[in-house]
Amino acid sequence: MKSAARGKTTSDIEVTNVSKHGFWLLVRGEELFASFECFPWFREAPVGHILNVEMPTAHHLYWPDLDVDLAVDSLKNPDAFPLVSRVLHNTALEPSGPTPKVKPRRARSGTARG
């Protein structure tokens, strides 16, 4: 008796293990590690959210529950994709001088003065 042809692979991506340091992914047969140090968005995420990962394209991963997108290359070589904030100090949002002091209002009495 001849076996049926193998079916299509059901998933190109799978989270295989989660530890306190990060998690392992099996991406098209290649095992990759995502450390929480390099990928802090996952550190406080529930395990179920980490496990729910999609691969919309061959080089792109997406966690819909966390709204996190990552290039597969960033997992292979995280040092090439450093987390750098380019936020500039916005002086326009700061007061231009000392904060004015507000005097407390005195309670009015119920009688009119004349």
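## Confidence first

pLDDT is the predictor's confidence in each residue, on a scale from 0 to 100. This is a predicted model, in which local features need pLDDT of at least 70 and side-chain atom pairs count only at pLDDT 80 or more, while totals for chains, interfaces and linings use all residues. Residues are numbered from 1 along each chain as its sequence is written, and side-chain values use heavy atoms, with hydrogens and water left out.

The protein chain has an average pLDDT of 79, and 62% of its residues score at least 70.

## Overall layout

The protein chain holds two helices and six strands; these are DSSP runs numbered from the N terminus, with helices being H or I of at least four residues and strands being E of at least two. Read from the N terminus, the order is β-β-β-α-β-β-β-α.

Of the 114 residues, 21% are buried, where buried means under 20% relative accessible area, exposed means over 50%, and partly exposed lies in between (1.4 Å probe, protein chains only). The chain exposes about 9700 Å², with carbon and sulfur atoms supplying 52% of that; the areas come from the Shrake-Rupley method with a 1.4 Å probe, and for residues only the protein chains shown count as cover. Contacts are heavy atoms within 4.5 Å. Take those between residues at least 6 apart in sequence, and 31% of them join residues at least 24 apart.

## The S1-S2-S3 sheet

Three strands make an open, antiparallel sheet in the order S1-S2-S3. S1 and S3 sit at the edges with a single partner strand each, so one side of each has no neighbour in the sheet. From one strand to the next, the twist averages 25°, with axes being lines fitted to C-alpha atoms and angles running from 0 to 180 degrees between N-to-C directions.

Strands count as paired if DSSP finds at least two bridges between them. S1 and S2 have five bridges, in the antiparallel sense, and Val 15 has Leu 25 in S2 as its bridge partner. Over in strand S3 (residues 30–35) you'll find Ser 35, which is buried with a relative accessible area of 15%. Setting aside residues up to four places away in sequence, Ser 35 touches His 21 and Gly 22.

Strand S4 (residues 54–57) runs antiparallel to S5, joined to it by two bridges. A two-residue hairpin links S4 to S5, and Glu 54 stands opposite Tyr 62 in S5.

S5 then pairs with S6, again antiparallel, over four bridges. Here Leu 61 faces Leu 70 in S6. The hairpin of S5 and S6 has four residues between the strands, and Asp 67 takes a positive phi near 55° there.

## The nonpolar core

A nonpolar core is a set of buried Ala, Val, Leu, Ile, Met, Phe, Trp, Tyr and Cys residues joined through side-chain atoms within 4.5 Å. The largest one has 20 residues, and those with the most contacts inside it are Phe 23, Leu 25, Phe 42, Leu 61, Trp 63 and Leu 75. The elements giving two or more residues are strand S1 (13–18), strand S2 (22–27), S3, strand S5 (60–63), strand S6 (68–71) and helix H2 (72–76). S2 gives the largest share, three residues.

Beyond its neighbours within four places in sequence, Trp 63 has contacts that include Phe 23, Leu 25, Phe 42, Ile 50 and Leu 70.
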